[in-house]
Amino acid sequence: MSGAIDLNDIKRRMDGSVAAFKSDIASLRTGRASANILDPVTVEAYGSRMPLNQVANITVPEPRMLSVSIWDKSMVGAVDRAIRESHLGLNPIVDGQNLRIPLPELNEERRKSLVKVAHDYAEKAKVAVRHVRRDGMDGLKKAEKDGVIGQDDSRAQSDRVQKMTDDTISEVDRLLADKEKEIMQV
């Protein structure tokens with residue numbers, strides 16, 4: 001069978017969507033402190049926006065505390081402002097070149113809003129997977145129309161692409177359910 005589309009490439013792109021989703025939900029706050037919480041924070045530094053981990057070192061000294069050690073003293077104000085404006089609900093305490101960030105207890109309302117954010121991330125991942133599927137199906141239709149592959153081969157590859165899509169979307173759903181359980185756990 002001559003392949004009209006590269007199934008490995010489709011699988012790689014779908015896996016990329018899942019990896020991006022995992023990264024997104026890792027940044028969501030649960031009851032425990034994690035340096036990943038600050039992953040979405042970008043700082044205005046040296047004339048451009050940079051991820052926080054490129055201007056500071058983030059550590060977890062206690063279960064409910066983050067510590068951010070800023071490398072350049074002139075960046076303390078910008079880092080403090082970036083964390084406050086990040087919609088993560090965090091209020092850093094400036095201590096020289098360090099920021100201490102106590103993590104407040106999550107209330108029910110905040111937990112529910114984090115679950116909504118997780119659902120939004122999941123939906124984005126599913127849409128990305130469906131775009132990859134559509135690209136694959138379009139490639140198959142074009143190859144069949146151009147006579148590169150026959151109808152049977154096209155149908156067989158189309159079924160494989162659909163199975164990959166279903167498997168990937170169920171993995172996203174499973175990861176979402178796990179994260180939801182973790183967020184709602186008191």
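Helix α3 supplies the largest share of the lining of the largest pocket, five residues. Helices (H or I, at least four residues) and strands (E, at least two) are DSSP runs, numbered from the N terminus. The structure is a predicted model, in which local features need pLDDT of at least 70 and side-chain atom pairs count only at pLDDT 80 or more, while totals for chains, interfaces and linings use all residues. Residues are numbered from 1 along each chain as its sequence is written, and side-chain values use heavy atoms, with hydrogens and water left out.

Confidence comes next. The protein chain has a mean pLDDT (the predictor's confidence in each residue, from 0 to 100) of 87, and 95% of its residues reach 70 or more. Among the elements, the highest mean, 92, belongs to helix α4 (residues 151-184), and the lowest, 87, to strand β1 (residues 42-45).

Back to the pocket. On a 1 Å grid over the protein atoms alone, a pocket is an open set of points where a 1.4 Å probe fits, with protein on both sides within 12 Å along at least five of seven lines; its lining residues have an atom within 4 Å of a point. The largest pocket holds about 370 Å³ of space, the volume being the space filled by probe spheres set on the points, which are joined across faces, edges and corners. Its lining counts 22 residues, and Pro 40, Val 41, Glu 85, Ser 86 and His 87 lie nearest the centre. Two or more lining residues come from each of β1, α2 (76-84) and α3 (108-145).

Turning to the strands, an open sheet of four has the order β3-β4-β6-β5, with antiparallel pairing; two strands pair if DSSP finds at least two bridges between them. Because β3 (56-62) and β5 (93-95) stand at the edges with a single partner strand each, one side of each has no neighbour in the sheet. From one strand to the next, the twist averages 25 degrees. Five bridges link β4 (residues 65-70) to β6 (residues 98-102), and Ser 69 stands opposite Asn 98 in β6. Five bridges also join β3 and β4, where Ile 58 has Val 68 as its bridge partner. A hairpin with two residues between its strands is formed by β3 and β4. Helix α2 lies across β4, β5 and β6, at about 20 degrees to β6; axes are lines fitted to C-alpha atoms, for helices over the stretch in contact, and angles run from 0 to 180 degrees between N-to-C directions, with contact meaning heavy atoms within 4.5 Å.

Another hairpin, with two residues between its strands, is made by β1 and β2, and Tyr 46 in its turn has a positive phi of about 55 degrees. Four bridges join the antiparallel β1 and β2 (residues 48-51), with Thr 42 opposite Pro 51 in β2.
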